[in-house]
Amino acid sequence: MDVSGRRTGTTVLVVDPTSAGRFALGAVLRRAGHQVVAVGTGAEALVELDVRRREGALPDVALVDVDLPDMSGFELCRRLKARPHMAGLPVVHFSAGELAPGDRAEGLDAGGEAHLAMPAEPEEIDAVVRAAVRAARLRADDQAATRRLTLLSEAIVTIQAARSPQELAHAAAEGAARLTGAPAAVFVLGPDDELYRALSRNRTTLALPDAGAHRAVAALLRRLGQGQAGQAGVRITTVPAPLWPAGFFRPEVRHDARLVLIPTQDGRASVCLATPTRGVRRVDPETESLLARLAQAAVLAAEPLLMYQVERHVALTLQHSFLPQPHRLPELPGVDVVVRYVPASRETEIGGDFYAALRTGEGVLVAVGDVVGHSLEAATVMVEIRHALRAYCVDESDPAVLAGRLDRMLQRYHPEVTATVCLVLIDPATGRTRIANAGHIPPLIVRDTRSADYAKAAGPLLGLGVPHPAPTELFLEPTDRLLMVTDGLIETRGTDLAVSMEHLRAAATGAMPGLDALCDTLLTCFDHDREDDIAMLALRLTN
C-alpha cells in the first residue's frame with residue numbers, strides 16, 4: 001500500500017512496438033509503484049508469458065497496443081484468453097487517439113477489460129490498471145469460491161451415498177484433501193470404539209500407520225469428545241506433533257494436525273477430519289468453514305450407518321445363534337443332510353434366510369425359507385418361523401398343513417410381513433417325498449444320470465391368507481440329490497430369475513458326486529459380491 005491507501009506492487013506487462021512508448025509507459029507505471037516488463041511484439045509477449053507461467057510468476061495485467069507489427073493487439077488478447085493458464089490475465093488495450101466504436105467492440109469481444117486513448121494522464125493510466133487488476137482478482141476469488149463449493153457439494157453427495165462407515169471415511173478423506181490441497185485423514189469412531197479410518201489418495205500408501213497409531217487416535221478422539229460432551233457445534237483444534245502419531249499425512253513424518261470434529265451428546269467425536277499444518281500453508285478461515293460443513297455432513301451420514309452396524313451385529317448373532325450349525329444338526333435316520341449359510345457382505349443389509357431339518361412322526365422334514373425384507377425385524381421373524389415350525393411338527397407332518405399354520409401365524413402376529421418357504425417331507429424307507437412350496441424356488445432334483453430338474457411345486461407366499469394347494473408328490477432314488485436354496489444364491493439385479501434358475505440347474509448338473517461337492521460347486525459358481533444372504537440345504541437317502 002502507498003500513503004493514499006492504494007494497492008501497489010503489481011506487475012504490468014507492456015506490449016508496445018516503439019521503444020519510446022515502452023519507456024514512457026514504464027516510467028509512469030513505476031512511479032505509481034508497479035513493476036514493469038516491456039516487450040515490443042505479440043510473439044515476444046507470448047514467449048515472455050510462457051516463461052513466467054513456468055516460473056509461477058505471471059504478471060497481474062497486460063497493457064497491449066492495438067497496432068503491433070506481427071499481430072493486432074486484439075489477436076494477441078484472443079490468443080491469451082484461449083490458453084487456460086492465462087485466460088484470467090486482464091488485458092487493457094491502448095492506441096494513439098480515439099478508436100472507432102467497432103474497434104472498441106472488437107477489443108471487448110476479444111476479452112479486453114478496457115481501452116486507453118493515448119496520450120493519457122498518469123493518474124488515468126494508473127487507475128485503469130488498478131481497476132483491471134481489482135476486477136480480475138474479484139473474478140478469480142468468485143471462481144475459486146464456486147470451485148470450492150462445487151468440491152464440497154460433490155464430496156457431500158459421495159458421503160451420502162456411502163454404504164458403510166469405511167466407505168464414508170474414504171469419501172470424506174478425498175473431499176477434505178480436494179478442499180485443502182493437502183493430504184487428509186478421516187476417522188469414524190463407532191459406538192464400541194471401533195475405528196474406521198481412511199487416508200486421501202494424495203498420501204502415498206507406503207509405510208501406513210500401525211495399529212498403535214490407530215489406538216492412539218481413538219483414545220485422543222474419546223478425550224476430545226468427552227471434553228465437549230453435551231455441547232453442540234463444530235470444534236476445530238490443533239494437536240501438536242508430539243501428541244499426533246506420525247505417518248497419517250506423509251510416511252513416517254510428524255505434523256501438527258488440524259482437527260475438525262463434532263462431539264456427540266454422549267461425549268464421542270464420532271467423525272474427525274484431520275489435515276497437516278507443519279510445512280503446509282495454513283488453512284484459511286473460509287476453507288475451514290467448508291471443512292466444518294463437510295464434517296457436519298459426514299456426521300449426519302455416519303449416524304445411521306453406525307446404528308446399522310450395531311443392528312447388523314445383533315441380527316447376525318440371532319441368525320447364527322438360532323440356525324443349527326452343520327455339526328449340530330439332529331440325527332436324521334435314513335437321510336444325509338448338508339447345509340450352508342453365507343451372510344451377505346458387510347455393506348449390505350441383513351436378511352431373514354433360514355433352513356431347518358427336523359424329525360417328524362412320518363419321516364424327515366426339511367425347510368428353506370426367506371422372510372421378505374432386510375432388517376433386524378426380518379431376522380427376528382425368521383427366528384419365530386423356525387420356532388413355530390418346530391412346535392407344529394410335534395403333532396403334524398403334512399407340509400401343506402404346516403404351510404397353512406405358518407401363514408396364519410404371520411397374519412396374526414406380523415400382518416405386514418411376508419415370507420417364502422419350501423417344506424419337504426421325506427419317508428427315508430420308501431423315498432416318498434411331499435413338497436409344499438410357498439412362493440419359494442422349488443427344490444432341484446439332481447440325478448446321477450448327469451441331469452437335474454426342478455420339482456413342479458408352487459404356491460402363494462406366507463402371510464397373504466391365500467389357501468395353499470395340496471403337496472406335490474414324487475419319489476427320490478437313493479442316488480438322487482435334493483437341493484434347496486434361497487434366492488440370494490442366484491438372484492442378480494437386472495437378470496430374470498428364470499434365467500438364473502437355469503444357470504443353477506446347469507451348474508448342479510455338472511457338479512461332482514456328493515452333497516458337499518454339490519454345495520461347494522454352487523457357492524463357487526454364484527457367490528460373488530452377493531447382495532443377499534444365502535441359505536442352502538442338500539440331502540440324499542442313505543438306504
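Let me start inside the protein. A400, A403, I435, A436, N437, A457, A458, G459, H468, P469, A470 and T472 line the largest cavity. Which elements give two or more residues to that lining? They are α10, residues 399–413, and β15, residues 432–438. Strand β15 gives the most, with three residues. The volume of this largest cavity is about 70 Å³. How many cavities of 30 Å³ or more are there? The count comes to one.

A word of caution before I go on. This is a predicted model. Please keep that in mind for everything I show.

Now the whole chain. It has 543 residues, and 51% of them are buried. The secondary structure comes to twelve helices and 20 strands. Look at the contacts with a separation of 6 or more: 67% of them join residues 24 or more positions apart. The chain exposes about 25200 Å². Carbon and sulfur atoms supply 53% of that area.

Next, the largest pocket. It holds about 380 Å³ of space. Its lining has 19 residues, and the closest to the pocket's centre are G88, L89, A136, A140 and Q143. Which helix supplies the largest share of the lining? That is α5, residues 122–160, with seven residues.

Let me turn to two helices. First, a reminder. An α-helix has 3.6 residues a turn, so residues three or four places apart point the same way.

Take α2, residues 42–55. This helix has 14 residues. From its first C-alpha to its last, α2 reaches 20 Å, close to the 20 Å expected at 1.5 Å a residue. Which residues of α2 are buried? G42, A45, L46 and L49 are. They cover an arc of only 95° around the axis, which puts them on the same side of α2. What covers the buried residues? The cover includes strand β1 (11–15), strand β2 (35–39) and helix α3 (73–82). Just after α2 comes G56, with a positive phi of about 70°.

The buried residues here are L515, L518, C519, L522, L523 and F526.

The loop between β19 (481–485) and α11 (497–509) holds T486. Is T486 buried or exposed? Buried, because its relative accessibility is 0%. And what does T486 touch, leaving out residues up to four places away in sequence? The list is D353, V368, G369, D370, H440, I441, D533, I534 and A535.

Find the cavity, with β15 giving the most to its lining. Find the pocket, with seven lining residues from α5. Then find T486, buried in its loop. Thank you.

Methods: Residues numbered from 1 in each chain as written. Predicted model: local features only at pLDDT ≥ 70, side-chain atom pairs only at ≥ 80, totals over all residues. Heavy atoms only, no water. Helix = DSSP H or I, 4+ residues; strand = E, 2+ residues; numbered from the N terminus. Buried < 20%, exposed > 50% of the residue type's maximum accessible area, 1.4 Å probe, protein only. Contact = heavy atoms within 4.5 Å. Areas by Shrake-Rupley, 256 points an atom, 1.4 Å probe, with all protein chains shown as cover. Expected span 1.5 Å × (residues − 1). Arc of directions from axis to C-beta. 1 Å grid on protein atoms, 1.4 Å probe; cavity = no way out; pocket = protein on both sides within 12 Å on 5 of 7 lines; lining within 4 Å. Points joined across faces, edges and corners; volume = space filled by probe spheres on them.
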